[in-house]
Amino acid sequence: MVVPSLKLQDLIEEIRGAKTQAQEREVIQKECAHIRASFRDGDPLHRHRQLAKLLYVHMLGYPAHFGQMECLKLIASPRFSDKRMGYLGAMLLLDERQDAHLLITNSIKNDLSQGSQPVQGLALCTLSTVGSAEMCRDLATEVEKLLLQPSPYVRKKAVLTAVHMIRKVPELSNIFLPPCAQLLQERHHGILLGTITLITELCEGSPAALRHFRKVVPQLVEILRTLVTSGYSAEHSISGVSDPFLQVQILRLLRILGRNHEDSSETMNDLLAQVATNTETSRNAGNAVLLETVLTIMDIRSAAGLRVLAVNILGRFLLNSDKNIRYVALTSLLRLVQSDHSAVQRHRSTVVECLQEPDTSLSRRALELSLALVNSSNVRSMTRELQGFLESCPPDLRADCASGILLAAERFAPTKRWHIDTILHVLTTAGTHVRDDAVANLTQLIGGAQELHAYSVCRLYSALAEDISQQPLVQVAAWCIGEYGDLLLEGSCEETEPLQVEEEEVLVLLEKVLQSHMSLPATRGYALTALMKLSTRLRGDNNRIRQVVSIYGSCLDVELQQRAVEYNTLFRKYDHMRAAILEKMPLMERGGPQVDEEAEESKEARLSEAAPVPTEPQASKLLDLLDLLDGTSGDSQHPPLDPSPGGTLVHLLDLPCAPPALAPIPNVKVFEREGLQLNLSFARPSEIPALLLITATATNSSGSDVTHFVCQAAVPKSIQLQLQAPSGDTVPAQGGLPITQLLRILNPNKAPLRLKLRLTYNHFGQSVQEIFEVNNLPLETWQ
């Protein structure tokens with residue numbers, strides 16, 4: 001006995017009554033079989049009912065693709081009930097990826113030109129939902145005619161369909177320009193709202209349309225003024241705000257029309273002030289209108305007083321109990337902070353209070369804005385607030401907070417002593433969350449402040465004695481004790497209570513660092529080098545130091561083992577040269593952003609003498625004392641060192657070494673957007689013609705820091721690429737210290753060089769990713 005097909009209502013009840021998913025699938029499979037059989041029999045009277053059931057099955061997530069052709073048959077039917085279900089099925093079952101959707105183009109065209117108003121509305125809805133670029137081109141003329149139809153119902157849907165067409169095919173803009181001026185005079189809410197949206201799309205996609213519609217700015221201003229003063233219609237008012245959706249759309253359009261245009265901005269200034277002062281702020285609808293007003297004031301060439309008013313509105317938003325409104329206010333103030341710094345500074349205390357928000361997204365935005373508010377006049381107070389936040393902030397914000405404090409201290413430090421104290425506090429609090437270059441920057445800062453050597457070594461020794469778990473702090477302390485241990489023992493620190501330290505205490509502390517399971521291999525390298533340096537600065541016997549160094553001659557870590565063996569050789573064979581080799585580092589000065597290759601390599605060599613960096617434990621980057629000291633002791637001439645592809649490092653004996661000659665290759669600018677610029681400079685060592693050294697330098701002339709900057713590169717398969725670590729991940733605003741990154745390219749076959757670069761970063765509160773290819777490299781880079 002054949003089970004009859006169910007009605008739609010019965011099918012819904014049976015599916016809802018299924019107790020298990022297996023029962024539900026069984027019901028649906030049986031009904032889908034009946035639907036297929038009905039489609040095969042070609043029953044025209046019940047086809048739309050069968051399709052309605054199939055659409056319900058599709059909504060539940062089950063396959064319903066076999067109903068696509070039935071949709072086309074129903075659309076071609078003259079009955080309205082069939083057309084309604086056919087168009088609904090087409091919107092749900094068809095999309096641009098399927099060729100079947102092109103088969104309904106002719107049916108839609110006939111319905112648009114000859115159908116009744118309800119049928120025209122169905123055709124327009126379907127076209128705006130599944131219309132591809134080909135369909136839009138074929139049906140644009142029919143839609144343009146419907147824009148001026150007498151029926152408001154059809155005109156409203158035609159306007160929305162035109163918006164879809166512009167997004168799909170921007171070159172159709174010219175077709176829809178003439179009707180827009182007439183549509184702006186409509187009183188129908190839906191038509192006017194759709195027209196404003198259509199004009200916005202046209203202006204964003206076409207400079208010609210933007211120039212054309214700047215003439216209607218006075219008309220838009222009058223429409224908005226009418227909304228604000230007398231209202232549009234009571235049925236569209238929300239919480240006492242007259243038609244907020246229409247107000248927001250008009251404000252967005254005014255923002256586009258007034259951007260970089262003096263006359264248009266002047267026309268709308270008075271109206272924006274009126275909206276900003278008269279809008280109700282107790283309800284969310286009023287806050288939405290105010291936010292769009294603020295964004296419009298920020299983007300156009302508005303008066304200075306108006307911009308201050310916009311900042312004050314955002315300041316009031318910061319006091320709102322709604323988290324979303326506070327987040328929007330923080331994001332908007334972050335955009336304004338560079339252009340209206342003094343106005344935003346008035347709300348600094350409120351911004352700092354937002355750091356304590358339990359919501360991580362809010363505290364992150366407050367942190368970014370607080371860092372942007374730091375300047376030379378408030379650096380001390382703001383740094384205290386940020387340091388307090390650093391102690392209690394969530395772990396995922398600690399790295400950003402520490403990095404921001406270090407950058408602010410570097411840019412606005414009032415004194416070197418304050419700068420050193422600030423970095424020490426960050427190292428003590430943030431631990432491993434600090435930037436990779438924090439250790440090198442602090443050692444460079446201390447080395448360049450000769451008058452603070454004693455103060456720095458005492459502070460670092462005290463911090464190290466309290467906690468040896470913070471690895472960056474331990475590394476800096478070990479370096480400083482190794483360099484200036486004699487000042488520590490003299491007790492000449494600039495403290496209220498001079499620190500009295502014995503030689504035994506210093507050695508015990510460094511041995512504790514070496515033996516601690518928390519110490520990284522890099523940290524042990526710093527401590528081992530510090531002990532070696534102290535062998536020339538302490539007045540006692542060096543046997544204890546020699547014993548500790550000899551222990552690490554059999555260490556499993558290659559870096560530590562090699563250094564220990566070299567140091568043992570220095571004790572055993574060349575003790576008379578040890579004092580000269582291990583003398584204090586010379587004063588270090590910060591270089592400019594454009595540093596040539598040999599200067600960079602020389603600086604790395606001098607730093608490696610006192611602070612080993614084991615991130616790349618390659619033999620070419622280690623100080624090989626054994627090779628250096630081979631040969632007869634009486635021979636006064638040392639054999640020359642062969643340069644390696646990684647660059648010649650100055651060895652511990654400071655023997656003369658000629659830097660490689662660099663070929664003169666012009667620099668290339670490969671990227672520029674919103675103040676962020678990426679330049680490539682080239683160098684080729686004369687003794688390795690196949691090796692090309694590319695230094696990528698990122699600079700930022702905009703008013704906002706570029707954070708989380710990552711540069712990745714790819715080359716053709718015949719070329720080898722080594723991408724070294726960058727100098728940081730934050731490019732400070734207004735021409736601050738740039739980021740540099742070295743690319744080492746080996747091209748023995750002299751193949752044409754092409755680079756594919758991917759840049760990812762955060763700028764003005766937005767995440768940006770750029771992928772592009774560099775094909776204009778000079779011929780000298782590969783020939």
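Glutamate 201 is buried in this predicted model, with a relative accessible area of 18%. The cut-off for buried is under 20%. Its side chain forms a salt bridge with arginine 167, and the closest N and O atoms are 3.0 Å apart. Glutamate 201 belongs to helix H11 and arginine 167 to helix H9, so the pair ties together parts that are 34 residues apart in sequence. Arginine 167 is exposed, at 54% relative accessible area.

Helix H9 takes part in another such pair. Glutamate 186 and arginine 155 meet in a salt bridge of 2.8 Å, N to O. Arginine 155 lies in helix H9 and glutamate 186 in the loop between helix H10 and helix H11, so this pair joins parts 31 residues apart in sequence. Arginine 155 is buried, with a relative accessible area of 8%.

Arginine 326 is buried at 9% relative accessible area, and glutamate 357 counts as buried at 18%. Salt bridges also link Arg252, Arg255, Arg259, Glu292, Asp299 and Arg335 in a network. The count of salt bridges comes to 32.

Helix H23 covers residues 395-412 and reaches 26 Å from its first C-alpha to its last, close to the expected 26 Å. Its buried residues include Leu397, Cys401, Ile405 and Leu406. Among the elements that cover them are helices H21, H22, H24 and H25.

The protein chain as a whole has 34 helices and 8 strands. Of its 783 residues, 51% are buried.

How values were computed
Residues are numbered from 1 along each chain as its sequence is written. This is a predicted model: local features need pLDDT of at least 70, side-chain atom pairs count only at pLDDT 80 or more; totals for chains, interfaces and linings use all residues. Side-chain values use heavy atoms; hydrogens and water are left out. Helices (H or I, at least four residues) and strands (E, at least two) are DSSP runs, numbered from the N terminus. The expected span of a helix is 1.5 Å times one less than its number of residues. Buried means under 20% relative accessible area, exposed over 50%, partly exposed in between (1.4 Å probe, protein chains only). Contact means heavy atoms within 4.5 Å. A salt bridge is a side-chain nitrogen of Lys or Arg within 4 Å of a carboxyl oxygen of Asp or Glu.
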